[in-house]
Amino acid sequence: MTDSTRRYGHQDPDPQQPFGWPAPPAQPPQAPVTTPGGATVWPGGGSGGAGDGGGYAGFAQPAPVPAPQPGGRRRGRGPIGLVAACALVAALAGGGAAALVGELTGGSDSTSRSTPVENASSKLSGVSAVAQAVSPSIVEIKATTGQGQSTGSGVIVTGDGEVVTNNHVVAGADTVQVSLSDGSTRTAKVVGTDPAKDLALIKIQGASGLKAAKFGDSSKLRVGDQVVAIGSPEGLTGTVTSGIVSALNRDVTVAKEQGGQDQGQDQGRGRNGRGLPQWPFEFGGNQYNGDTGSSKTTYKAIQTDASLNPGNSGGALINMSGEIIGINSAMYAPASGSASGDSAGSVGLGFAIPVNTVKADLAKLRAGGTNS
């Protein structure tokens with residue numbers, strides 16, 4: 001057995017071998033990289049450090065850590081990742097809640113728009129809105145006849161001063177005075193009358209730029225619809241009352257002309273010498289407010305419980321869209337039976353000529369109407 005001459009452990013290179021250490025790299029070694037967390041990473045060793053191999057990675061050096069990519073995110077791991085994920089969800093939820101609150105309070109700059117909400121205290125609605133819109137189109141009428149003065153109301157239908165009213169307000173008038181909503185008074189003349197429908201058309205002299213009322217469609221009315229009445233009861237210009245449509249197509253009979261027994265035709269109480277209630281008419285086979293006389297006419301009327309009083313004749317019955325749907329023409333005010341002759345107020349039994357009847361009759365009235 002021969003002894004081996006092979007040595008154990010570290011051996012130096014045999015100078016007689018045809019190979020040696022690798023040649024140095026052609027490029028200089030890469031500089032160290034500092035991570036966002038503040039740690040210094042030596043990609044390929046460096047001067048003065050352990051394992052320095054002149055630019056070569058040493059065995060004891062840590063593996064290079066890749067630099068963070070722009071816009072990229074590192075996935076959290078373990079409890080720290082879970083906490084980070086929860087924090088992210090909370091932030092998103094908080095941001096969504098803040099955005100929602102911003103939208104509701106108007107503080108968001110988002111381009112989306114929510115439904116506008118109007119301040120009810122600064123906007124009119126209901127009866128007040130109708131009254132404000134239509135009142136400028138309602139006038140007070142005072143017609144002087146040989147028997148006294150008749151007071152009623154009218155509705156402006158054109159900007160140059162055409163006004164629709166009841167025939168019994170202006171029948172037999174020698175002079176007609178009209179008071180506008182602004183308080184001014186103008187002279188008017190009777191253009192045409194239709195006693196069979198208790199309608200008349202007058203024209204305010206020298207008028208222009210007046211606010212004309214808008215006509216609605218009385219065929220669309222239903223029992224229970226809310227309505228507004230505007231007129232000049234007892235000379236109280238621009239009085240507004242409201243109620244509902246109580247019934248439709250009521251047969252109402254009124255006098256064709258002024259001068260019948262006990263009919264003041266909208267005159268003030270007592271001016272006819274009897275102190276009787278005004279607006280004589282027949283309804284349901286009974287006579288109210290006096291005798292209608294022998295010359296009378298019957299028409300289909302809208303019944304309403306809106307408060308109507310002497311002076312409302314010829315005024316407007318209006319729907320909640322601000323459209324004229326009737327011309328007020330008759331109301332029942334029962335006498336109290338007292339010696340003074342005073343009468344009770346409205347008991348919710350009033351009638352109006354449907355506006356569709358008015359619209360169908362306008363051309364005839366403009367042409368002078370009829371005396372029969």
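Trainee: In this predicted model, which residues does Ile324 touch, not counting residues up to four places away in sequence?

Mentor: The model is a prediction, and contact here means heavy atoms within 4.5 Å. With residues up to four places away in sequence left out, the contacts of Ile324 are Val134, Val155, Ala213, Lys214, Phe215, Gly216, Ala316, Leu317, Ile318 and Val355.

Trainee: Which residues touch the most other members of the largest nonpolar core?

Mentor: In soluble globular proteins, nonpolar side chains tend to be buried together. The largest nonpolar core here has 29 residues. Those touching the most other members are Val164, Val252, Ile318 and Ile324.

Trainee: Which element gives the most to this core?

Mentor: The core in question is the one of 29 residues. Its leading contributor gives four residues, and that element is α4.

Trainee: What arc do the buried residues of α2 cover around the axis?

Mentor: In helix α2, residues 126–134, the buried residues are Val130, Ala131 and Val134. They lie on the same side of α2, because the arc that they cover is only 100°.

Trainee: Which strands do the buried residues of α2 pack against?

Mentor: The residues concerned are Val130, Ala131 and Val134. Their packing partners are β3, β9, β10, β14 and β15.

Trainee: How many residues apart are Asp194 and Lys364, which meet in a salt bridge?

Mentor: Side chains of opposite charge can pair when their charged atoms come close. For Asp194 and Lys364, the N to O distance is 4.0 Å. Asp194 lies in strand β7 and Lys364 in helix α4, so the pair links distant parts of the chain, with Asp194 buried at 2% relative accessibility and Lys364 partly exposed at 40%. Their separation in the chain is 170 residues.

Trainee: Is Glu323, which forms a salt bridge with Lys214, buried or exposed?

Mentor: The closest N and O atoms of Glu323 and Lys214 are 3.7 Å apart. Lys214 is exposed, with a relative accessible area of 55%. Buried means under 20% relative accessible area. Because its relative accessibility is 18%, Glu323 counts as buried.

Trainee: How many residues apart in sequence are the parts that Asp251 and Lys300 tie together?

Mentor: The side chains of Asp251 and Lys300 meet in a salt bridge, 2.8 Å from N to O. Asp251 counts as partly exposed at 42% relative accessibility, as does Lys300 at 45%. Because Asp251 lies in strand β10 and Lys300 in strand β13, the pair ties together parts whose separation in sequence is 49 residues.

Technical notes: Residues numbered from 1 in each chain as written. Predicted model: local features only at pLDDT ≥ 70, side-chain atom pairs only at ≥ 80, totals over all residues. Heavy atoms only, no water. Buried < 20%, exposed > 50% of the residue type's maximum accessible area, 1.4 Å probe, protein only. Helix = DSSP H or I, 4+ residues; strand = E, 2+ residues; numbered from the N terminus. Arc of directions from axis to C-beta. Core = buried A, V, L, I, M, F, W, Y, C linked by side-chain atoms within 4.5 Å.
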